[in-house]
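Q: I have a model open and want to learn to read its features. Where do we start?

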Amino acid sequence: MSSTWGEKVKISIFGGSHTAAIGVVIDGLPAGETIDMDAVYAQMARRAPGQDKTATTRRESDTPQILSGLLDGVLTGAPLCAVIENTSQHSKDYSGLKITPRPGHADYTAYVRYNGANDIRGGGHFSGRLTACLVFAGAVCRQILARKGIEIGAHVYSIGSCKDTPLDAVEVSTQQLRSLASRYFPTLSPEAEAQMRALIEEKRMAQDSIGGVVECAVTGMPAGIGNPMFGGIENVLAHILFGIPAVKGVEFGDGFDVAQASGSENNDAFYYDSEGRVKTRTNHSGGILGGITTGMPLVFRAAFKPTPSISRQQDTVNLVTGENAELSIVGRHDPCVVPRAVPVVEAAAAIALLDLLS
Ligand SMILES: Cc1cc2nc3c(=O)[nH]c(=O)nc-3n(C[C@H](O)[C@H](O)[C@H](O)COP(=O)(O)O)c2cc1C
């Protein structure tokens, strides 16, 4: 398994959806930093299941238990280890899936990769539940970043064809990001949120699911962070973002749209602001040139596929009999993973940026 990530700030995630607990060990955090656990709990609560009809009905409190690395609220410099108990498992819902794998999930590929020894219960180590560990690690890292003036926030940019107002890549403010990063189902437009919720409900009632896009921005990143070629900001962020289950695309700045722009439209003209700092009038680059930060806000988007586990009947195969088969999935699943994935994207960005800045 490849569940360890990072160069200087290194995370290692363990557990499965239906094991006793899941958890994370974070190595390389700066000693002496104070960690506000209430702020950590607030981030965990944004991702926790069972919040409303847009999410799975599985209920977990997702309270992290700190085993080491934090003493009297201060990072000791030793590896920070947190475990999150699994308390609401319905393992029998998954008993047949090793033989008849779910289309769109990792059941078949994990079966082949691990010769059938993989833990199938709740998707095992491939479950979206493991993202609770990312959110914990991110909640710690973002507090350290905030003390350096770096703020991260994201919103539900789209669900299916319903779109929110995009973030302004030049004017996005720390205050706006703080507000987004405190909400479940954050959108800039309340009308967009209502339409998105209605679409998710329509899909849920039709025993189906839907995907969408999370847009994230970071303010306060100094210019000059990152490396060329394989060590760029895009490389590092994409690497961790693709570790989030169901992410199928990542784009920076104007992303794929740049392919239709001309140079005169796409180039971000430089100027000195009133305090003598180099700025750009537009931010098509998403704050990154040559893999290195420009000092403008970082802006990127992550596309999530529709939840694979849908309750309507689907075609699959029976790996024991070697025959084609039909599958009706029982169990509790998110009709759309995107609202719960918003804090996960922010957390991944926080871990990656602290690693780059360490
Ligand atoms: C927050 C979150 C929640 C998820 N919830 C579910 C779920 O309830 N049911 C499901 O089938 N997949 C869910 N997924 C997605 C699967 O874990 C993912 O599609 C699967 O592991 C296959 O990996 P891949 O889509 O990256 O190829 C969730 C993903 C995230 C990020």
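A: Start with one residue and its surroundings. This is a predicted model. Take Phe 304 and leave aside its neighbours within four places in sequence. Its contacts then include Gly 211, Gly 212 and Val 214. Ile 244, Pro 245, Ala 246 and Val 247 also touch Phe 304. So do Val 337, Val 338, Ala 341 and Val 345.

Q: Which residues have the most contacts inside the largest nonpolar core?

A: Leu 29, Phe 136 and Phe 304. That core has 78 residues. Helix H8 gives the most to it, with 14 residues. There is also a second, separate core of seven residues. Among them are Ala 169, Val 172, Leu 180 and Val 299.

Q: How do I read the sheet? In what order do the five strands lie?

A: Read across the strands, neighbour by neighbour. Here the order is E9-E8-E10-E16-E11. The sheet is open, and the pairing is antiparallel.

Q: Why is one side of E9 and of E11 left without a neighbour in the sheet?

A: Each stands at an edge and has a single partner strand, so one side of each has no neighbour there. E9 covers 162-163, and E11 covers 247-252.

Q: How many bridges join E10 to E16?

A: Seven. E10 spans residues 212-219 and E16 spans residues 298-304, running antiparallel.

Q: Which strands does helix H8 touch?

A: H8, residues 338-357, packs on the sheet and touches E8, E10 and E16. The direction of H8 makes about 145° with that of E8.

Q: How do I read the helix itself?

A: Begin with the general pattern. An α-helix has 3.6 residues a turn, so residues three or four places apart point the same way. Next, check length and cover. H8 has 20 residues and reaches 28 Å from its first C-alpha to its last. That is close to the 28 Å expected at 1.5 Å a residue. H8 is mostly covered, with 19 of its 20 residues buried.

Q: And the cysteines? How many disulfides does the structure hold?

A: A disulfide is a covalent bond between the sulfur atoms of two cysteines. This structure holds zero. For Cys 216, the nearest cysteine sulfur is that of Cys 141, 14 Å away. For Cys 336, the nearest is that of Cys 162, 11 Å away.

Q: Is Cys 216 buried or exposed? What about Cys 336?

A: Buried means under 20% relative accessible area. Cys 216 has 0% relative accessibility, so it counts as buried. Cys 336 also stands at 0%, so it counts as buried.

Note on methods. Residues numbered from 1 in each chain as written. Predicted model: local features only at pLDDT ≥ 70, side-chain atom pairs only at ≥ 80, totals over all residues. Heavy atoms only, no water. Pairing = 2+ DSSP bridges. Helix = DSSP H or I, 4+ residues; strand = E, 2+ residues; numbered from the N terminus. Contact = heavy atoms within 4.5 Å. Axes fitted to C-alpha atoms, helices over the stretch in contact; angles between N-to-C directions. Core = buried A, V, L, I, M, F, W, Y, C linked by side-chain atoms within 4.5 Å. Buried < 20%, exposed > 50% of the residue type's maximum accessible area, 1.4 Å probe, protein only. Disulfide = S-S within 2.5 Å. Expected span 1.5 Å × (residues − 1).
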